[in-house]
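Q: Could we go through this structure together, starting with how burial is judged?

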Amino acid sequence: MILKLLSKILREEKAFAHCDIPCGIYDPHNAQMAAHTIIRMTQFLSEIKREDETKAEHDITRITRVKEKHSNLLEEELDTLQNDYFKEEHFKDYPNLAELFKKTLKASTKARQNIDMQAAEEALAGAQDIAEIFFKTKNVEPVRVKSVYPTGGEIVTHK
Amino acid sequence: MLLKKLRIVGHSMEPTLRNRDLVLVSGIQYLFKKPKLNDIVVFEEENKILIKRIIKATEKGFFVAGDNKKDSLDSRKLGIIPKNKIIGKIIYAF
């Protein structure tokens with residue numbers, strides 16, 4: 001009980017459990033792919049038919065599991081970009097970047113906890129905006145191309 | 001420092017602590033006694049808070065390493081961590 005209270009009142013900071021490489025290879029593509037998958041799973045959940053209850057429950061379980069997995073994956077990819085790739089100077093050059101990460105992570109959590117298409121779309125939009133900034137920091141021009149996924153929409157890549 | 005709430009960033013303490021785990025760290029433990037073998041400690045290094053396990057105590061400080069032996073920085077690169085750099089000990093993982 002006391003520990004739960006402490007977890008609510010103490011300000012959160014970061015502790016880095018750093019890995020040995022680091023490889024220097026970063027790409028915002030996986031975050032976008034995960035976000036598209038969250039949208040797709042949210043679509044499936046909204047379309048579940050209830051004529052056969054057993055099948056419906058079975059399908060809901062499987063689809064929800066995939067949605068959870070990809071929400072966690074999106075958050076992991078964003079963490080890597082935020083904490084390993086982007087440096088202090090990037091956050092100064094793009095003052096909206098920190099808030100963008102916060103907003104996108106929040107949308108991902110909401111999409112994971114609910115069947116919420118708006119939150120899922122906000123998570124993708126955030127991942128796309130972060131991708132644009134990523135490519136700008138690499139001195140390449142970001143472009144939005146039509147995605148080939150059944151979710152439609154776009155993927156941010158570079159020229 | 002009495003208490004800190006820390007979010008783990010990275011994989012080098014897996015499987016004990018995973019990326020995005022939340023932990024409570026206390027600085028009180030080490031006011032009256034020394035860090036000891038197997039304690040999971042947090043310390044400052046180049047303006048960041050790092051988290052590792054104490055593998056060995058030496059005269060000059062502590063040899064630390066991550067639990068994820070395949071993918072972790074340890075004191076061979078970080079150096080021996082002197083006691084005055086250690087902020088606290090993990091007392092709870094949420």
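A: Buried means under 20% relative accessible area, exposed means over 50%, and partly exposed lies in between (1.4 Å probe, protein chains only). This is a predicted model in which local features need pLDDT of at least 70 and side-chain atom pairs count only at pLDDT 80 or more, while totals for chains, interfaces and linings use all residues. Residues are numbered from 1 along each chain as its sequence is written, chains are lettered from A and ligands numbered from 1 in the order in which they are written, and side-chain values use heavy atoms, leaving out hydrogens and water.

Q: Is F86(A) buried or exposed?

A: F86(A) counts as buried because its relative accessibility is 4%. F86(A) is found in the loop between α3 and α4 (88-93) of chain A; helices (H or I, at least four residues) and strands (E, at least two) are DSSP runs, numbered from the N terminus.

Q: What does F86(A) touch?

A: Not counting residues up to four places away in sequence, its contacts (heavy atoms within 4.5 Å) include L81(A), F91(A), F101(A) and F134(A). L97(A) is also touched, and the C-alpha atoms of F86(A) and L97(A) are separated by 9.5 Å.

Q: Which residues of the largest nonpolar core touch the most other members?

A: A nonpolar core is a set of buried Ala, Val, Leu, Ile, Met, Phe, Trp, Tyr and Cys residues joined through side-chain atoms within 4.5 Å. The largest has 28 residues, and those touching the most other members are L74(A), L78(A), L81(A), F86(A), F101(A), I130(A) and F134(A). At least two residues each come from α2 (29-46), α3 (53-85), α5 (97-113) and α6 (117-137) of chain A. The largest share, ten residues, is supplied by α6(A).

Q: Where is the other core?

A: It lies apart from that one and has 14 residues, among them A17(A), L6(B), M13(B) and I40(B).

Q: On to the strands: what does β1(B) pair with?

A: Strands pair if DSSP finds at least two bridges between them. Strand β1 (residues 12-16) of chain A runs parallel to β1(B), with five bridges, and A15(A) has I8(B) as its bridge partner. Strand β2 (residues 22-26) of chain B is antiparallel to β1(B), also over five bridges, with R7(B) opposite L22(B).

Q: How many residues of β1(B) are buried?

A: Five of the seven residues in β1 (residues 3-9) of chain B are buried, so by the cut-off of under 20% the strand is mostly covered.

Q: And L31(B), buried or exposed?

A: L31(B), in helix α1 (residues 29-32) of chain B, is exposed because its relative accessible area is 59%.
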